[in-house]
Amino acid sequence: MGPIPNHIAFIMDGNRRYAKKQGMEEGAGHKAGFLALMKILCYCYELGVKYLTVYAFSIENFKRKPEEVQCLMDLMLEKIGELLKEESVVNQYGIRLYFIGNLKLLSEPVRVAAEKAMAATAKNTKTVLLICVAYTSYDEIVHAVQESCKDKRNEIEALYASKVSNGVTEGVEEGENINGTIEHDVQGSCESSLSKSQALNTTIACNGVIRVEKKKGVILHAVQGSCEDKWDEVMSRTSNGVTEGVADSKKKQWMHPTIKLVDIEKNMYMGVAPDPDILIRTSGENRLSNFLLWQTTNCPLYSPSALWPEIGLWHLIWAVLNFQQSHYYFEKKRKQL
Amino acid sequence: MLFTLSLSLSLSISPTTLTSSPRFKFHSCPHVLPPTPKPPPPRLRSSSQAHHVILHDNGTVAGAGAPVEENILPAGLRRESMPRHVALVMDGNRRWARIRGLPVGSGYEAGVRSLRSIVELCCKLGIRVLSVFAFSSENWFRPQAEVEFLMELFERGMRDEMGSLLRENIRISVIGDSSKLSRSLQELITRTEETTKTNCGLQLIVAVSYSGQYDIVQACQKIALKVKDGLIEPNDINESLIKQELETNCTEFPYPDLLIRTSGELRISNFLLWQLAYTELFFAQSLWPDFGEVEFLEALQAFQQRQRRYGGRDF
């Protein structure tokens, strides 16, 4: 038996086409879609899948007809209420609920209901359901970048403030006796720019640092993150061992990045779950529509032509079997490398 | 709705047994596409928007794009819904070689020939931008000998093709973390980009040492510097700012309309990320060296049949 995927993500596409096909009004298509979600949820959790993510409402969907948007919001409010009842699937499968997206864009009743549902299920640990609402990857990434920039700025300010109060010249004069290391750029792009090295007799005390490489007083790795302001300040104060290379290197320091991949990932809304193993989009469309762009980059996309309300157990099994087969293939390749 | 599900999942099931089942009509497998209406024969009519080609004395061509006449569009393709930017994940070179009992290098060389023919086809069809995933950030983990072979192939290819790039009016842009490339290759890339930058035919974007996540991280790092320098506040950061800083800012059309991945793999593998938000994806079964005009036109036809709603419009 192959591995069961830990996390499956669904783009629940085709509700409106289903309603049209069945001669129903549009709202009825979305209701049928909710029933399909409940069905798939049970299949997945019974199979042993722990995380399920669904694309319920994109920020782009706000551009639809106001009546349809209102209908979807009303449906969401109604169904959140149902999910929190004693006898619902949430308790049956010990589901922890997350509403992922820019919840400030939702009307207050819906946002409050979503927050209440997250709080009420926060202690559940068996399975997780992530409902992406008022979501796009663009919005998620922009938010993550904003937060990362704010974090870095706060870090620099806090470090500078603490060094000022401790007496900042210590680091400059003690030279080799200072226990300081310099953070190394994960991407390694700094190495080539430091080929014009500078002679400096000191190392610098920094926060959260990994390693230093220093040969004959030359620092070979860039100072980064919270260290940058400190570097600048030391440059301006020390007169010992500073050569004309310093100004150039200082300019290069400013060009070095302060944000790394982990900083962005840490601030993603979806940081509460591992990346999906499978992405399934119903209704035959073969595109991502701004859903989990960051998280699905190595994940297979399956596109059954069934409309979302028509999705069944066999579609799920087909996707899982394919996942197992390609997982076996990749494991084999990995062992060969 | 409780039920007991126990599956003895056998690994002997092959993709063909699964995809040939009548229950499953998956658009990701071209050989089981639902029956499509037969395309009308190519129409020969003059276009009122024919591009005028002006040949300068120095041999360069000016114009609003690659000159294309309506009557050379094959297989019923419609001019008005041709993709402006096509992206390619050229997968399957090594498998192609293995199947033939050839060394891996032969697979890559066959891949280069395939790329050449697709580039020519794009020029004829008037596609404005073609992005190709030549070497991913993850590919650095491949065996050293293979990586070196690929780098040499790339360097040789770029040098040898300079003449035809100029003749075909192709502009080359290279995206990716070039710091990991050899100095000679970096210099060759800079020279090639410089020499071809005024060409206004097809723009060929070659992604080398690239990943979509790396592209976003480097864009964010540039933005973070602006925040640090007090030029912008964190809350000023928006989608437009990120788009401007991505490495695809080298082109007027940074977002592909269509992405084709060969060899049957159904994933993006970190090629472009932000840029693919609304891109139509086409997964072709052929291995890259076998992907030719017929397969490319099939992908274009499938693209033209798709309805793109961008989350908003009614259908």
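How many residues does helix α7 of chain B have, and how far does the helix reach from its first C-alpha to its last? In this predicted model, helix α7 (residues 212-228) of chain B has 17 residues and spans 24 Å between those two atoms, close to the 24 Å expected at 1.5 Å a residue. The helix is mostly covered, with 14 of its 17 residues buried. After α7(B) comes B:Gly230, which has a positive phi, near 75°.

The average pLDDT of chain A is 77, and 70% of the residues score at least 70. Within chain A, strand β1 (residues 7-11) has the highest confidence, at 98, while strand β6 (residues 218-219) has the lowest, at a mean of 35. Over residues 169-257 of chain A, pLDDT stays under 50, although the model has 148 contacts beyond four places in sequence for this stretch. Where pLDDT is low, the predicted coordinates should not be read in detail. With that in mind, the secondary structure of chain A amounts to twelve helices and eight strands. Of its 337 residues, 58% count as buried. Among the contacts in chain A with a separation of 6 or more, 78% are between residues 24 or more positions apart.

The parallel strands β3(B) and β7(B) are joined by four bridges, with B:Ile260 in β7(B) as the bridge partner of B:Leu88. Four bridges also link β7(B) in parallel to β8(B), where B:Leu281 stands opposite B:Leu259. In a regular strand the side chains alternate between the two faces of the sheet. Accordingly, B:Leu258 and B:Ile260 point one way from β7(B), whereas B:Leu259 and B:Arg261 point the other way, and all are buried.

The largest nonpolar core holds 115 residues, of which A:Ile8, A:Phe10 and B:Phe271 touch the most other members. Helix α2 (residues 26-47) of chain A is the greatest contributor to this core, giving eleven residues. Beyond four places in sequence, the residues that A:Phe10 touches include A:Ile40, A:Cys44, A:Val54, A:Phe291 and A:Trp308. Another core, of 48 residues, lies apart from the largest one, and its members include B:Leu150, B:Leu153, B:Leu188 and B:Ala302.

B:Glu155 is found in helix α4 (residues 144-160) of chain B. Because its relative accessibility is 14%, B:Glu155 counts as buried. Beyond its neighbours within four places in sequence, B:Glu155 is in contact with B:Ser182, B:Ser184, B:Leu185 and B:Leu188.

Methods: Residues are numbered from 1 along each chain as its sequence is written. Chains are lettered from A and ligands numbered from 1 in the order in which they are written. This is a predicted model: local features need pLDDT of at least 70, side-chain atom pairs count only at pLDDT 80 or more; totals for chains, interfaces and linings use all residues. Side-chain values use heavy atoms; hydrogens and water are left out. pLDDT is the predictor's confidence in each residue, from 0 to 100. Contact means heavy atoms within 4.5 Å. Buried means under 20% relative accessible area, exposed over 50%, partly exposed in between (1.4 Å probe, protein chains only). A nonpolar core is a set of buried Ala, Val, Leu, Ile, Met, Phe, Trp, Tyr and Cys residues joined through side-chain atoms within 4.5 Å. The expected span of a helix is 1.5 Å times one less than its number of residues. Two strands pair if DSSP finds at least two bridges between them.
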